[in-house]
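Take a look at the model below.

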Amino acid sequence: MRWARARCSSLAVGRALVARWRRPCCARGQVVVSGRRAEVLESLTTAWPGQAFALPCDLASLEAREGLLRRAAGLMGGLDGFVHSAGQVVHQPPGHIGEDALRAQLEVNLIAPLRLGEQALEVLEPGGAQVFIASTLATRPVVTSAVYSAAKAGLLQVMKVLALAGAARGVRASAVLPGVVETDMVREVRLAPGAEPLSEPEYTRRQEAQLAGLRALHPLGRLGRPEDVAEAVRYLLGASWISGSELVLDGGLLLRE
């Protein structure tokens with residue numbers, strides 16, 4: 001199995017995805033990882049030399065992502081799967097949504113996966129699959145997630161259209177909707193617009209309180225782990241009769257009213 005992964009912000013999820021694919025049962029698999037942080041990509045290719053390859057790319061750039069999946073296929077002699085897990089969220093309530101933050105989130109969370117999904121339709125081998133990482137915020141927003149939620153909701157419709165477009169060649173498309181997964185992005189303390197920077201002790205206190213509050217939202221009592229997402233993605237890549245589906249992975253979060 002040869003697959004490519006486009007990433008943006010989460011090293012933890014990226015490493016978990018690559019590690020899951022490098023399990024003994026998939027020892028002959030290869031993966032290309034892409035993103036804008038060269039040091040992150042190097043850490044993955046160093047850990048799995050000869051099996052993980054890097055293609056540095058700013059996914060928010062039209063020029064940079066042009067032909068990205070064809071280059072990935074060229075490195076491995078073909079492409080069987082594509083995973084788009086890039087994501088960017090800026091929590092801002094209505095009335096405080098910055099223009100730059102709005103456009104950046106739409107570019108990374110909606111436009112880039114649409115364009116890369118179009119590339120995947122042309123490049124993937126018959127019977128291949130693409131998987132997109134969306135979010136439960138696509139179906140249940142919070143007051144600060146207007147742009148992110150709108151982009152991820154749009155991504156779900158993009159995924160379904162790609163599933164229809166690829167069906168004749170047996171190319172599938174699906175999405176994973178995680179709840180809150182413990183990553184650096186989630187551990188970052190959310191401050192009110194215009195708030196003063198916090199001292200280190202206060203930041204730590206607020207961070208612990210924020211994480212405790214997020215855990216309490218999930219009936220199973222914990223945040224998601226990167227490995228949870230990786231296992232779901234791996235399942236969808238290999239599920240030959242699943243296409244156009246949304247796999248909710250949220251510890252029961254959406255059960256709460």
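In which helix does Leu62 lie? Leu62 lies in helix H3, residues 62-65. Before going on, note that this is a predicted model, where local features need pLDDT of at least 70 and side-chain atom pairs count only at pLDDT 80 or more, while totals for chains, interfaces and linings use all residues. Residues are numbered from 1 along each chain as its sequence is written, and side-chain values use heavy atoms, with hydrogens and water left out. Helices (H or I, at least four residues) and strands (E, at least two) are DSSP runs, numbered from the N terminus.

Is Leu62 buried or exposed, or something in between? Its relative accessible area is 47%, so Leu62 is partly exposed. The cut-offs are these: buried is under 20% relative accessible area, exposed is over 50%, and partly exposed is in between, with a 1.4 Å probe and protein chains only. From Leu62, jump to Glu107. The two are 45 residues apart in sequence, and their C-alpha atoms are 9.5 Å apart in space.

Helix H5 covers residues 99-123. At 1.5 Å a residue, its 25 residues should span 36 Å, and the end C-alpha atoms are 34 Å apart, which agrees. The expected span is 1.5 Å times one less than the number of residues. Buried residues of H5 include Gln105, Glu107, Val108, Ala112 and Leu116.

Rolling a probe the size of a water molecule over the atoms shows where empty space is left. On a 1 Å grid over the protein atoms alone, a cavity is a set of points where a 1.4 Å probe fits but cannot get out; a pocket is an open set with protein on both sides within 12 Å along at least five of seven lines; lining residues have an atom within 4 Å of a point. Grid points are joined across faces, edges and corners, and a volume is the space filled by probe spheres set on the points.

The whole structure holds two cavities of 30 Å³ or more. Val90, Gln92, Ile97, Gln105, Thr144, Ser145, Ala146 and Val147 line it. Four of these are nonpolar, four polar and none charged. Ala, Val, Leu, Ile, Met, Phe, Trp, Tyr, Cys and Pro count as nonpolar, Asp, Glu, Lys and Arg as charged, and the others, Gly among them, as polar.

Of its 15 lining residues, Arg222, Gly224, Asp228, Asp250 and Gly251 are the closest to its centre. This lining divides into seven nonpolar, four polar and four charged residues.

Finally, look for aromatic rings. The whole structure has one aromatic pair. Phe82 and Phe132 form it edge-to-face, 6.1 Å centre to centre and 85° between the planes. Rings of Phe, Tyr and Trp (its six-membered ring) pair if their centres lie within 6.5 Å; planes under 30 degrees apart are stacked, over 60 edge-to-face and the rest tilted. Phe82 lies in strand E4 (residues 81-84) and Phe132 in strand E5 (residues 129-133), so the pair ties together parts that are 50 residues apart in sequence. Both Phe82 and Phe132 are buried.
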